[in-house]
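Dear colleague,

Here is the structure I said I would pass on. My notes on it follow below.

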Amino acid sequence: MDFSILAFLGQDGLTTGAIYALVALALVLVFSVTRTILVFQGDFVTYSALTLATLQLGLLPGTLWLLLGLSLMACAFDGAIALRHGHYRRLPGLALRYLVLPAALWLILGNLDLAALPGLLQIVVTLALVTPLGPLLYRLVYQRVAQTSVLSLLIISVAVHIALVGISLWLFGAEGVRTRSLADTTFMLGDLPVSLQSLLVIACALGLIGLLYAFFGHSLYGKALRATALNRNGAQLVGIPTQLAGQSAFGLAAFIGAVSGVLIGPLTTLYYDSGFLISLKGFVAAIFGGLASYPIAAASAFFVGVLESFANFGASAFKEVIVFTLVIPVLLWLSLKHPHVEEQH
Amino acid sequence: MNRRLLPLFLLLAAMAVAPAVLPPFQVTLLNYIGLYSLVALGLVLLTGIGGMTSFGQAAFVGIGAYATAVLTTQYGLSPWLGLLAGLAITLAVATCLGLLTLRLAGHYLPIGTLAWGLALFYLFGNLPGLGGFGGLQDLPSISLFGWQISGAAQFSPLLGVILAVTLWLLGNLLDSRQGRAIRTLKDAAGMAEAMGIPTGRSRLQVFLVAALLAALSGWLYAHLQRVVNPTPFSVVMGIEYLFMIVLGGVASLWGALLGAALLTLLKQVLQDLLPHLFGQAGNFEMIFFGVLIILVLQYARGGLLPLIQAALPQTRRRAAVPGEAAALPRRNMPAHGQPLLVADGLVKRFGGLVANKDMGLAINSGEITALIGPNGAGKSTLFNLLSGVLAPNAGQISFLGQRIDGLAPRAIARLGVSRTFQHVRLLPEMSVLENVALGAHMRGNAGLLRSMLHLERAEEASLLAEAARQIERVGLGEFLHTPAGSLALGQQRIVEIARALCSDPILLLLDEPAAGLRYGEKQALARLLEQLRGEGLGVLLVEHDMEFVMGLSDQIVVMEFGQRLASGTPLEIQENPAVLAAYLGGVE
């Protein structure tokens, strides 16, 4: 293996690693606020890439119908609750909150020549379509069961993932897609060819990580989310609306997922069911950090990316085996570090 | 006929008769339901009852299938050798995975199972000799004493026998000493350890039983299909197995069968129906299953079988109390007034907080020692140090002359120290009798196999008789078969004392036993403790009720700020100026 291959694999690994880092961060974020393991974080990534690809073909992405459907269901749910309690005046507000964005998107997208849209606008539309899925899923699926055990929440997440994959096949079909490159240049850094797209991915990932760090460390809202994570009842007592915290966490996760999809879309072919492996590799990284530490999770995500890249080169058939087997020594180390603690319900 | 055996015979009869009355296609479906049920039964034991969620069972099915496929097609060996090899490899792999991952808290384990489930799946597809993703073809059929089991019609009676036997074995297991231990794993492992139950071992055993059932199912699958490829052993299938038990009833054996049947049949119907609805081919039934599981977990968390059972007339299973049972052997009690437990110079720090500082006390046999002090004085920490839940940073504790500081709670329990908990830890769904019998766990020795075969009935009778005796003794005889969770909180505390007594202790550690009791109940408790003192037990009592403490104790230790403030007889304590100052506020 000469230096140029080494450099190429390293660059490739760091780029996928950046995506895993974003997934891992979203996982840690959602887990620490809602105790939910977001198995379908990777599905946000594929939904985003597939949506963008559909837009670039000039077609109306199926994500719009999913968004409309979920919004209507959530609106009907909250409407029914408001009616049962006789709060008729809340209905217009609910309709406004749930239906304006999807209706506006429908109107706009239905009347535009999507293929002629500038690339940046297509990305904005993609983010606007995918991000609201997070809070909507929280409202419809999790809000009712927010207090159950971590294990029930995990099984529910797996069920959501299974449903999302099926819907994705329905909406986007079984074809793999690659989105158009955001930055199509390669320049030489000494002897090293560096792709601008890869640099962009890594820079965006690092930027988002920095933003999240600032948000959680230094803003009141971020602190409120952290408080909910540490003690739900306590947070409720000091006036933090914990449902809002859950919705925000899911919204942030969906946004991070959508950005990751836009970034990774040009670099690798994604299929309707590619999300699961992306999620699981994000997990591997998140587990390294004990599902609690952002910096360790991000660093290990880069490590997983590089390892995968080299495994792919050395023993491509066993790439997945190598990556997932890696979890086991980490689990062993974790179990020695934290002897089994009884889960108190 | 025995009420437990009747449904098993019905199941067996149905599977045997099915090929004669059903068209071949439906017999095949029935066989699949049977195969899935075997895996789901193991998963009920592991996940629903033992609390260890696994998404990886399909990988064990794969090991069972591939082991026999390789041995029979490439080495021409008998399928029975294939079965042995499959079970042996599964046992080895599951033991390794279990030792590595079962100690993990809550959510790490299921993620671990996803990881090894995926890794094994890719191994099936890529290892040389396993036929790649195309798989291995032309497996031979099984023959049993010259009987060729080659088609779906011959398979279903065989599956009927295997299922009925499995249900019988697992039912026996749950209704035994080992079964009670398994039921503590989900929410009460800490309590179980304090009762001397090796929960780590129980966990591994349950994991192995579930893995072996999955491998058995894989062996049957391979010889029914006669073809093996990686697809049916993927993580998606592992997730479907879990969905089966969530759907049918997470914690009930028959729920596994119901769930396997429902999922298989629904899938069949939906696979015919949905492609027309969606206008294209694909696994659209998974959307339906995903939503269905979400709804079940939102609205019927226990699954469908408990809902059906709730609609039917109630027939509660009750563990019968045997009329005649051999009494369990008892320990030799030390003479009255001997020092039992001596603690000296104990220090326990939590970060910067010193919860116990140079703390010491001595508890004698045949005496009641009370530990009192204001809230936050360090009583609970001391209690946890003595019972082994926490290890001290310095100092030593000895029991009957043997050092016990740093020993695990289970080891301390085995020496004859038994305890109750400040926050009651009972299994609310289990009857009072079974809860109390947990305390007698250490006094039996029936293992997993003997329990499954119900060869330990004499020992089990003695354990239950002892539990019933202790419940009578604490005055709750009328509640023998009541679920423990439906008793008043004060009564639950008394159940904990009965459970502690069931272990035949020399020293009893009671954490606020009188809290929540009414006046009459407190008097009854005081009489019970006096009686125990008369038998030579040592009792340590952490209690806030001064009247109760002063009237009962031989010796009182007062703690404040993690240290011993005073100790002596109740009279000396009542007149001690330092104690008065601590309790009533000092005059500066």
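Strands β1(A) and β2 (residues 192-195) of chain A pair in the antiparallel sense, over 4 bridges. The model is predicted, and β1(A) (residues 186-189) is where confidence in chain A is lowest, with a mean pLDDT of 74. Across the pair, F187(A) stands opposite V194(A), and M188(A) stands opposite P193(A). The hairpin has 2 residues between the strands, and G190(A) takes a positive phi near 65° there.

On confidence in the rest of chain A: the mean pLDDT is 84, and 97% of the residues reach 70 or more. The highest value belongs to helix α2 (residues 41-56) of chain A, at 94. Residues 340-345 of chain A have a pLDDT below 50; this stretch still has 9 contacts in the model beyond near neighbours in sequence. Where pLDDT is low, the predicted coordinates should not be read in detail.

Next, a helix pair in chain A. Helix α8 (residues 196-218) and helix α9 (residues 220-230) of chain A pack at an angle of about 75°, and their axes are 5 Å apart. Angles of 65 to 115 degrees count as roughly perpendicular, and α8(A) and α9(A) are therefore roughly perpendicular to each other. On the α8(A) side the contact is made by F215(A), F216(A) and G217(A), which meet G222(A), L225(A) and R226(A) in α9(A). By class, the residues of this contact are 3 nonpolar, 2 polar and 1 charged.

What do the two chains bring to their contact? Chain A gives 41 residues and chain B gives 39 residues. On the side of chain A that touches chain B, at least two residues each come from α7 (150-172), α12 (275-288), α14 (319-325) and α15 (327-337) of chain A. The largest share is that of α7(A), with 16 residues. This side of chain A divides into 30 nonpolar, 7 polar and 4 charged residues.

Chain B is divided into domain 1 (5-234), domain 2 (334-416 + 505-588) and domain 3 (427-503). The centres of domain 1 and domain 3 of chain B, taken over C-alpha atoms, are separated by 32 Å. These two domains are in contact through 17 residues of domain 1 of chain B and 19 residues of domain 3 of chain B. On the domain 1 side, the elements that give two or more residues are α6 (152-174) and α7 (177-184) of chain B. Of these, α7(B) supplies the largest share, 7 residues. The residues on the domain 1 side are 7 nonpolar, 7 polar and 3 charged.

Last, the sheet in chain B. It is an open sheet of 6 strands with mixed pairing, in the order β8-β9-β10-β5-β11-β12 (chain B). Its edge strands are β8 (417-419) and β12 (563-568) of chain B, each of which pairs on one side only. On average, neighbouring strands of this sheet are turned by 20° against each other, direction ignored. Helix α20 (residues 519-534) of chain B lies across β5 (368-372), β9 and β10 (538-542) of chain B, and runs at about 145° to β10(B).

Regards

Technical notes:
Residues numbered from 1 in each chain as written. Chains lettered and ligands numbered in written order. Predicted model: local features only at pLDDT ≥ 70, side-chain atom pairs only at ≥ 80, totals over all residues. pLDDT = per-residue confidence, 0-100. Contact = placed C-beta atoms within 7 Å. Domains from an automatic or database assignment. Nonpolar A, V, L, I, M, F, W, Y, C, P; charged D, E, K, R; others polar. Pairing = 2+ DSSP bridges. Axes fitted to C-alpha atoms, helices over the stretch in contact; angles between N-to-C directions. Parallel < 35°, antiparallel > 145°, perpendicular 65-115°, else oblique.
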